[in-house]
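Dear colleague,

Please find below the structure that I am handing over to you. My notes on it follow directly after.

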Amino acid sequence: MEVFDMVLFALFAFTVVVFGFFIGNYVYKIFDGKKTILDPVIAPIENALFSISRINVEKSQSFKEYTISLMVFNIFGIFILFFILFFQSAIWLNPQNFSNLSWHLALNTAVSFVTNTNWQSYSGESTMSYFSQMVGLGVQNFLSAATGVAVAVALMRGLTGRGIGNFYIDMTKTTLRILLPIAFIYAIFLISQGVIQNLSPYVDITTIEGGTQTLAMGPVASQEAIKMLGTNGGGFFNTNSAHPFENPNELTNFIQIFSIFLIPVALLFAYGKFAGNRREGIAIFGAMALLFALTLGSTYYAESQGNVMLSELGVEEGPSMEGKEVRFALGASSLFATVTTAASCGAVNSMHDSFSPLAGGVLMLQMMVGEVIFGGVGAGFYGMMIYALLSMFMIGLMVGKTPMYLGKKIEAYEIKAVIIALLLPSAAILGFSAYAANCAEGLAGLNNAGPHGLSEILYAYTSAAANNGSAFAGLTANTPFYNVTLAIAMFIGRFGVIIPMIAIAASMSNKKTYALSSGSVKSDNATFTIFLACTVLILGALTFLPALTFTAIAEHVLMLSGKLF
Amino acid sequence: MFKEIKKSVILFSGLTLICALVYPLAMYAIGNSVFADQAKGSLVYEEENPVASTLIAQNFTQPYYFHPRPSAAGEDGYDGTSSSGSNLGYTSQKLHDAVKERVEAYRTENSLSASQKVPMDAVTTSGSGLDPHISVANATIQAKRVAEVRGIEENKVIDVIRKSTQQPYFGIIGKEKINVVNLNLTLDREFGKVKI
């Protein structure tokens with residue numbers, strides 16, 4: 001354990017909480033219709049958009065209306081992106097003359113970026129034109145994140161007895177008032193540190209020794225900022241934030257990790273404001289922080305042990321640097337990896353495939369429980385509400401009281417929705433992984449043999465269904481089989497959770513709120529925090545322990561006995 | 001339903017215009033006026049021709065230059081259009097064999113004894129395959145070879161290493177490290193290019 005790394009972790013926690021608090025207040029003001037600082041600039045743009053598209057700004061939508069708006073908007077987004085990618089060679093800004101994407105890669109990528117997964121079966125610098133990156137993928141980096149926040153806000157409103165709001169309005173406000181202004185400042189900072197932002201053809205250089213090298217270029221900084229802020233994680237280049245043009249130094253790296261958690265944490269503070277009791281938000285925050293401390297500790301510990309097989313070959317002892325950058329090394333790589341899989345970001349600054357077996361297992365577990373440890377922007381909040389409602393329901397049953405959350409009864413309808421949202425992604429992960437591990441198309445893409453190969457498959461479907469997007473990148477996923485099955489998993493993992501959550505939001509919003517009595521079970525205290533954290537762990541463990549045993553744990557045990565594959 | 005589609009099309013178009021054209025192009029304009037060097041890739045020129053980006057490792061094989069970390073980017077490594085790690089896990093036979101070979105090669109190159117430990121970063125591939133940095137330990141071991149081939153005192157090379165060592169930001173974020181591209185450029189500047 002190194003002092004520097006502990007300082008880094010502490011500094012990270014501190015900045016996330018402080019900035020999360022202020023942004024949280026700002027987020028609340030926006031969605032409560034209060035005046036905010038950017039009104040003079042942005043309100044006219046919004047009003048113009050709403051009046052042209054004839055959106056009724058007065059009326060809150062019903063469950064059905066909200067769902068239709070959201071699905072139409074998102075499916076339209078998939079169509080547009082598919083066509084941009086499928087015909088990219090005929091569009092501008094393609095200095096490297098990249099050809100059109102295959103139908104299955106275009107489909108996979110379109111679903112991937114619209115669902116905020118940003119799984120990439122391709123390598124950016126050898127596949128995507130600047131137009132595809134900047135416009136096609138770029139706009140979805142904003143809109144998919146904004147969709148998540150809109151649903152989270154709808155749920156906050158519903159739980160606190162307000163109308164759930166209008167999807168279009170909340171989505172637009174999130175984009176223009178939260179994501180865009182922060183991305184603007186963020187991107188300028190990144191450029192100042194060396195992240196490139198140009199539209200030039202790739203640069204041919206004669207190296208210092210007289211060899212040749214070609215450097216990939218592109219409008220990276222603008223993409224990078226929103227990639228992190230919106231927990232998208234789709235890198236401009238193949239190696240994502242490990243690439244020096246995306247993440248050139250320790251400062252940019254710190255800001256990148258910070259910006260993954262910024263909005264998810266801010267939303268928890270905003271939730272406290274909505275509930276009229278900031279401790280409601282802090283209780284949820286506490287459960288997430290507790291789980292995060294556990295996972296970060298495990299990842300860091302597992303990584304710090306190093307690879308015994310390397311030291312036997314005469315390499316100095318210490319953490320393995322395979323797949324890691326010198327500028328990030330153990331501390332910043334472990335922190336990034338834990339944060340990116342806790343939130344559904346999926347950007348990476350080191351190659352998770354080369355992590356120690358147990359660290360890889362922890363990263364998978366975080367995604368398996370549904371990306372609820374802070375989670376994606378919006379998605380983390382509504383994902384954790386699945387467990388919160390379930391916890392309150394179980395507590396209610398245990399103590400023999402009507403289960404309630406924030407003074408509203410939790411009934412069969414809500415619990416059915418919760419169970420659907422919980423089971424669909426899990427079924428997708430385990431079902432597809434089992435199928436892929438038993439067919440030739442699934443096994444064809446493996447880069448590693450033995451249990452680590454199975455980990456590559458399991459990680460892929462976990463990442464897809466949890467809308468994370470990171471990978472054990474050795475897997476060759478650009479095949480019709482993987483592209484299509486992963487696209488289905490991403491779609492299920494996204495909308496199979498969102499729709500039940502809107503249903504809960506709408507149903508709760510219409511329920512009577514009971515005043516809390518001295519005998520009521522409270523959700524704003526440490527007991528609830530711990531119960532919630534345990535619920536996440538136990539449900540996650542029950543569902544996924546067998547799968548992790550065959551992969552990460554098996555590999556760890558075999559590694560200890562010195563077995564190679 | 002038709003009404004919903006119309007709303008989606010209008011909003012989508014408006015937001016695309018703002019987020020995917022105005023925003024990145026504004027960044028392009030600001031980047032290329034205020035931070036032109038960085039926005040274009042932190043390139044180093046010799047007589048008008050780009051010879052390196054200080055952020056991207058390039059292949060150095062000559063003994064009078066410091067060598068970067070091994071690279072898995074592209075067929076021969078250090079391919080700026082094909083960033084990649086090896087993605088090999090802890091229990092990979094391939095990784096085991098590759099590292100074994102690299103350890104032997106590193107020892108031979110730098111005249112180390114068969115029992116001497118080799119720095120971790122010198123024999124493992126980086127995440128991007130384009131990592132421009134090496135550890136101070138790695139550079140210090142290579143200093144002897146570089147000095148000998150160049151016919152200068154080792155102390156002078158160690159001095160250059162010391163001057164080129166990047167310190168943590170604000171003294172707390174990051175660790176000591178050395179940028180190989182900058183280090184080799186400094187070598188050539190201080191002691192002249194080696195003529196073959």
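Val44(B) counts as partly exposed because it has 17 C-beta neighbours inside 10 Å; a residue is called buried with 20 or more other C-beta atoms within 10 Å of its own, exposed with 12 or fewer, and partly exposed in between, the C-beta atoms being placed from the backbone. Val44(B) belongs to strand S1 (residues 43-46) of chain B. Helices (H or I, at least four residues) and strands (E, at least two) are DSSP runs numbered from the N terminus. Leaving aside residues up to four places away in sequence, Val44(B) touches Pro50(B), Val51(B), Ala52(B), Thr54(B) and Leu185(B), where contact requires C-beta atoms, placed from the backbone, within 7 Å. Met1(B) lies 43 residues from Val44(B) in sequence and 57 Å from it in space, C-alpha to C-alpha.

The model is predicted; local features need a pLDDT of at least 70 and side-chain atom pairs count only at pLDDT 80 or more, while totals for chains, interfaces and linings use all residues. Residues are numbered from 1 along each chain as its sequence is written, and chains are lettered from A and ligands numbered from 1 in the order in which they are written. For chain A the mean pLDDT, the predictor's confidence in each residue from 0 to 100, is 95, and 100% of the residues score at least 70.

Chain B is assigned domain 1 (1-40) and domain 2 (41-191), with bounds from an automatic or database domain assignment. The C-alpha centres of these two domains of chain B are 39 Å apart.

Chain B also holds an open sheet of 3 strands in the order S3-S5-S4, with antiparallel pairing. Strand S3 (133-134) and strand S4 (165-166) of chain B are at the edges with a single partner strand each, so one side of each has no neighbour in the sheet. S4(B) pairs with strand S5 (residues 177-179) of chain B over 2 bridges; pairing requires at least two bridges found by DSSP. Thr165(B) has Ile178(B) in S5(B) as its bridge partner.

In chain A, strand S1 (residues 203-206) and strand S2 (residues 212-215) are antiparallel partners over 4 bridges. They form a hairpin with 5 residues between them, and Gly210(A) in the turn has a positive phi of about 100°. Thr206(A) is opposite Thr212(A), and Ile205(A) is opposite Gln213(A).

Helix H14 (residues 412-436) of chain A has 25 residues and spans 35 Å from first C-alpha to last, close to the expected 36 Å, which is 1.5 Å times one less than its number of residues. Its buried residues include Glu414(A), Pro425(A) and Phe432(A). Helix H12 (357-368) and helix H18 (526-560) of chain A are among the elements that cover the buried residues of H14(A).

Finally, 102 residues of chain A are in contact with 87 residues of chain B. Helix H6 (residues 167-193) of chain A gives the largest share of the chain A side, 10 residues.

Yours sincerely

Notes: Two residues are in contact if their C-beta atoms, placed from the backbone, lie within 7 Å.
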